[in-house]
Amino acid sequence: MKKKKSKQDNIRKIAEKKQKHPAQHQRSQPGKTEPMVPHPEDKMRFYTGSGKLKNKVALITGGDSGIGRAVAIGMAKEGADIAIVYLSETKDAKETKMHIESAGRKALLIKGDVGKESFCKKAVEEVNKNFGRLDILVNNAGEQHPQESILNISEKQLRRTFQTNIFSLFFMAKAALPYLKEGSVIINTASVTAYHGSYHLLDYSATKGAVVAFTRSLSQALADKKIRVNAVAPGPVWTPLIPSSFKASKVKEFGSDVPLGRVGQPDEIAPAFIFLAAEEASYITGQTIHVNGGEIVNG
């Protein structure tokens, strides 16, 4: 008698057919695009814009690669000039700059640590100095450090994760607010882990839950100024952060357990950011869009 296949077996079978990346690991975060096999698809290079963000200025943290790069390219294709904040990966940042300029828009690269308030303030001031305005703030920079137990999470790791993933949102929003006006937008990168949790990303998941609460609260605080605040909560996405965070064996299976059976690509996440930044989303604030491969989180 044949054993009936479970739903999980079917998901795994789909994953084996669709999964494209082999086991791999990078030693330092936030990770580089070049060593990834394969590279993220980056189809936003071929995206055709329709002027949704014409003459706007966007500041994107973590914009050198992954989701940030895809958002930067997509928003440039929609007519926005782009400022990118990145931590250390200058080669990736320069490649993103090239794609932005190829779309006919201006690009500004700003290197530094978003976990420091003084840097965030200087970054926003530099954007205003170069472009004369700021319309869209995308808080996308993040880091994660998997641990098998809460006992392994040091105070140093805990502080660092919160500084990058949630403190930076406060710092950037505070710095940007004097330059934002009616119709401006703030978009934060949350995560599916904020909703279903993750035992090996305990501190990371906690910060992403804070991002959701921050988004909801700030949207109320800025509603009277007609400044919208929303979030996007991705599921597993193939970015440099993945091979620089997890063991090679984990990377090989990454994303295989979602209903669509595969990891997402940055260019599949970016359209949600573009939508939230555009006038089409003018009646949406305090919300989170889930782009996660089919996981139902009811959040």
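Strand β5 (residues 185-189) and β6 pair in the parallel sense over five bridges; strands are DSSP runs of E of at least two residues, numbered from the N terminus, and two strands pair if DSSP finds at least two bridges between them. The model is predicted: local features need pLDDT of at least 70, side-chain atom pairs count only at pLDDT 80 or more, and totals for chains, interfaces and linings use all residues. Residues are numbered from 1 along each chain as its sequence is written, and side-chain values use heavy atoms, with hydrogens and water left out.

- Seven of the seven residues of β6 (residues 228-234) are buried, that is, under 20% relative accessible area with a 1.4 Å probe and protein chains only.
- Arg228, Asn230, Val232 and Pro234 point one way from β6, while Val229, Ala231 and Ala233 point the other way.

**Exposed loop residue**
- Leu151 lies in the loop between β4 (136-139) and α5 (155-176); helices are DSSP runs of H or I of at least four residues.
- Leu151 is exposed (over 50%), with a relative accessible area of 76%.

**Confidence**
- The mean pLDDT (the predictor's confidence in each residue, from 0 to 100) is 88, and 82% of the residues reach 70 or more.
- Over residues 11-17 the pLDDT is below 50.
- Where pLDDT is low, the predicted coordinates should not be read in detail.

Terms used:
Contact means heavy atoms within 4.5 Å.
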